[in-house]
Amino acid sequence: MARLIDSGPGCPTPTPARTPSASEARGLLYDSGVKAETDHLYPLVSDFITPMEWPAVAPLVAAINRLKKQAGAVILAHNYMTPDIFRLVGDFRGDSLQLAREAATIDADIIVQAGVHFMAETSKILAPDKTVLISSLEAGCSLAASITSADVALIKQRYPDYPVVTYVNTTAEVKAECHITCTSSNAAQVVEAVAKEWNSDTVILVPDQYLAMNVAAQTGIRIMTWPGACEVHELFSGDDVEALREGHPGVVILAHPECPPDVLEACDFAGSTAALTNYVKDQQPAKVVLLTECSMSDNVAAENPDVDFVRPCNLCPHMKRITLENILDCLTHMRHEVTIEEAVRVRAKAAIEAMLALPKMATPLAFKTGLKPMEIEVISPS
Ligand code: SF4
């Protein structure tokens, strides 16, 4: 006969105490006021948050949205944010380029960057009079960590005749040392423009070696680069693309240009997160896979209910440092303000503005796929 386990008084097996949810720990309850403010939002995240979880999430969402209004704050949410942040509290959403343009013109006193640290710095560079907050100081980036301003100074000393383009995924100090910035939406356009302006057959593009190899294949311009990589995208390979085609016949494979070149050779479409979003929206493929950060598929899937998403992806541990809880704490205590030394900011701004001054593209540039990978020179850090 089965033994009944009694966890009541006197029983040696105590009933574990329920841990309060993040909202309860902050004294926030799912009461009628919160229900009225948030229940209409639930369908936007119902793929991601279960009905059981919603009463713990809704009070955080309501509190953040109230505090934003009181403080005159806006939240800039990157495409890699989880859907609760992206869809429920983000005021402007997009890729690095879209958010940078937004920061430059936004009508708000306070910007909360729901993204990683270099993105918050970009906002501060472009909007120095605004208070820019980031909810976790640990939200870094493997690319930004791979190169310093001293490295760029040394590169310029070694190769004084070549323009130096930096991907925006770098610190303000690195941007300040470079001639112009680029994003994955416009990297090929920027490289072609500086090659022409400098009348140079060679362009230095740092720090992402894979983006640089992919841009070299697109433009045919000789590119030198730096041994940096995105720890999320470098994990994908051409073999993954093959395995996906075998496992999911008919699937359309989209990839970000921070992936190694053999991925771009084998996939069907490549571009920035904005370009990938547009592709799915416009083409409505029956079945698709996005080779990029995990939350991207969640966010794009929510807007394309007729598209079937296969979801192998890699998480960015830095992006995932940003949570509803720490956004609320950041707004409550106005903490983790991003500051930049003015001399650095001015020089970094010049590099960003050189990029923003290029003709605005109607849509983010797609990378041609099927091109043979091109070996390029990777500058040795020593
Ligand atoms: S996804 Fe890659 S490039 Fe983007 S923040 Fe994470 S590590 Fe950096």
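What pLDDT does the protein chain average, and what share of the residues score at least 70? The chain averages 92, and 96% of its residues reach at least 70, where pLDDT is the predictor's confidence in each residue, from 0 to 100. Where pLDDT is low, the predicted coordinates should not be read in detail. This is a predicted model, in which local features need pLDDT of at least 70 and side-chain atom pairs count only at pLDDT 80 or more, while totals for chains, interfaces and linings use all residues. Residues are numbered from 1 along each chain as its sequence is written.

As for the overall fold, the protein chain has 16 helices and 13 strands; these are DSSP runs numbered from the N terminus, helices being H or I with at least four residues and strands E with at least two. The radius of gyration is 23 Å, close to the 21 Å that the globule rule gives for 382 residues, so the chain is as compact as a globular protein of that length. Here the radius is taken over C-alpha atoms, and the rule is 2.2 Å times the number of residues to the power 0.38. Along the principal axes, the C-alpha atoms fill a box of roughly 80 × 55 × 40 Å. Of contacts between residues at least 6 apart in sequence, 68% join residues at least 24 apart.

Now to the interior. Of the 382 residues, 48% count as buried, meaning that 20 or more other C-beta atoms lie within 10 Å of the residue's own; 12 or fewer makes a residue exposed, anything in between partly exposed, and C-beta atoms are placed from the backbone. The largest nonpolar core has 118 residues, a core being a set of buried Ala, Val, Leu, Ile, Met, Phe, Trp, Tyr and Cys residues joined through C-beta atoms within 7 Å. Among those with the most contacts inside this core are Val165, Val191, Leu254 and Ile327. Val191, leaving aside neighbours within four places in sequence, is in contact with Val165, Val203, Leu205, Val215, Thr219, Ile221 and Ile223.

Gln284, in the loop between H13 and E11, has a phi near 45°, a positive value in a residue other than glycine. Gln284 is exposed, with 11 other C-beta atoms within 10 Å. His336, between H15 (324-333) and H16 (342-356), also isn't a glycine and has a positive phi of about 65°; with 19 C-beta neighbours inside 10 Å, His336 counts as partly exposed. A cis peptide bond joins Val206 and Pro207, with omega about -5°, and Pro207 is in the loop between E7 (202-206) and H10 (209-219).

Pro163, in the loop between H7 (149-158) and E5 (164-167), is buried, with 22 other C-beta atoms within 10 Å. Pro163 and Val194 are 31 residues apart in sequence and 6.7 Å apart in space, C-alpha to C-alpha. Phe48, between H2 (32-38) and H3 (54-71), is partly exposed, with 18 other C-beta atoms within 10 Å, and touches Pro83, Asp84 and Asp298, not counting residues up to four places away in sequence.

Finally, the ligand. Its surroundings include Val116, Cys141, Asn169, Glu231, Glu293 and His318, a residue being near if its C-beta atom, placed from the backbone, lies within 6 Å. The shell has seven nonpolar, three polar and two charged residues; Ala, Val, Leu, Ile, Met, Phe, Trp, Tyr, Cys and Pro count as nonpolar, Asp, Glu, Lys and Arg as charged, and the others, Gly among them, as polar.

Methods. Contact = placed C-beta atoms within 7 Å.
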